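Subject: A structure for you to look at

Hi there,

Here is the structure I promised to pass on. Have a look at it first, and then read on for what turned up.

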Amino acid sequence: MPEVDVVRTHLEMLAPDQVTGDPPVDARAVVRRLQAVTVEEYRGLYHDVGHRYHWRDRDAWSDEQLAAHLSLRSVAVWRLEYDGTPASFFELKHHYDGSVEIVYFGLVEGFTGRGLGRLLLHRAVGEAWAMGATRVWVHTCTLDSAAALPNYLARGFVPFRHETYRTTI
């Protein structure tokens, strides 16, 4: 398997009024919080969104570990359905320091290029502030979609740290 150098960029938003741009309106796109997301449902979303970007952190978790994580009051998972088909999801985590992290965020292949990332990111940021965030933060890397970093920047996130690491893909 090849090794690659990856640049990870951490970004933050310090106030709700930092959000920029208007989300597109698309009646076919419905965003819902998954109140009792199952391990199987979560793993399906995680795979469908992340497999092409080499997401594998949660694959290393046992079903019991993942179920315990998903049951935390500080964790919220949202899914975007497009014409009734799961098209995207995001996971929020409220940390002890008051910040809310957008832990995972992405679109299922075939749903890109429609403005859904912009729509969903507006929703993720709004939900993070609604959780009582003192700051909202996210990280992306050069393995993610080429649209990820520009989307975060265009919505008002500001980079606060960069790091480089080597990984096997």
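Let me start with the rings: there are 10 aromatic pairs in this structure, which is a predicted model. One of them joins Y46 and Y104, whose ring centres are 5.1 Å apart; with the planes at 85°, this pair is edge-to-face. Since Y46 belongs to helix α1 and Y104 to strand β5 (residues 99–107), the pair ties together parts that are 58 residues apart in sequence. Y46 has a relative accessible area of 2%, so this tyrosine is buried. Y104 is buried as well, at 10%. A further edge-to-face pair is formed by Y152 and F157, with ring centres 5.9 Å apart and planes at 75°. Both Y152 and F157 are buried.

R58 lies over the face of W61, 4.3 Å from the ring centre, and the charged end of R135 is over the ring of F160, at 5.2 Å from its centre.

Next, the core. The largest nonpolar core contains 47 residues, and those with the most contacts inside it are Y42, L80, F89, I102 and F157. Helix α3 (residues 116–130) contributes the most to this core, with eight residues.

In general, an α-helix has 3.6 residues a turn, so residues three or four places apart point the same way.

Finally, please find N151, in helix α4 (residues 148–154). Is N151 buried or exposed? Its relative accessibility is 12%, and because the cut-off for buried is under 20%, N151 counts as buried. A polar atom of the N151 side chain lies 3.3 Å from the backbone oxygen of G117. Not counting residues up to four places away in sequence, N151 touches F105, G117, R118 and L121.

Enjoy exploring!

Best wishes

Methods:
Residues numbered from 1 in each chain as written. Predicted model: local features only at pLDDT ≥ 70, side-chain atom pairs only at ≥ 80, totals over all residues. Heavy atoms only, no water. Core = buried A, V, L, I, M, F, W, Y, C linked by side-chain atoms within 4.5 Å. Buried < 20%, exposed > 50% of the residue type's maximum accessible area, 1.4 Å probe, protein only. Helix = DSSP H or I, 4+ residues; strand = E, 2+ residues; numbered from the N terminus. Polar contact = N/O pair within 3.5 Å; in protein donor to acceptor, adjacent residues only side chain to side chain. Contact = heavy atoms within 4.5 Å. Phe/Tyr/Trp six-rings, centres within 6.5 Å; stacked < 30°, edge-to-face > 60°. Lys NZ or Arg CZ within 6 Å of the ring centre and 35° of its normal.
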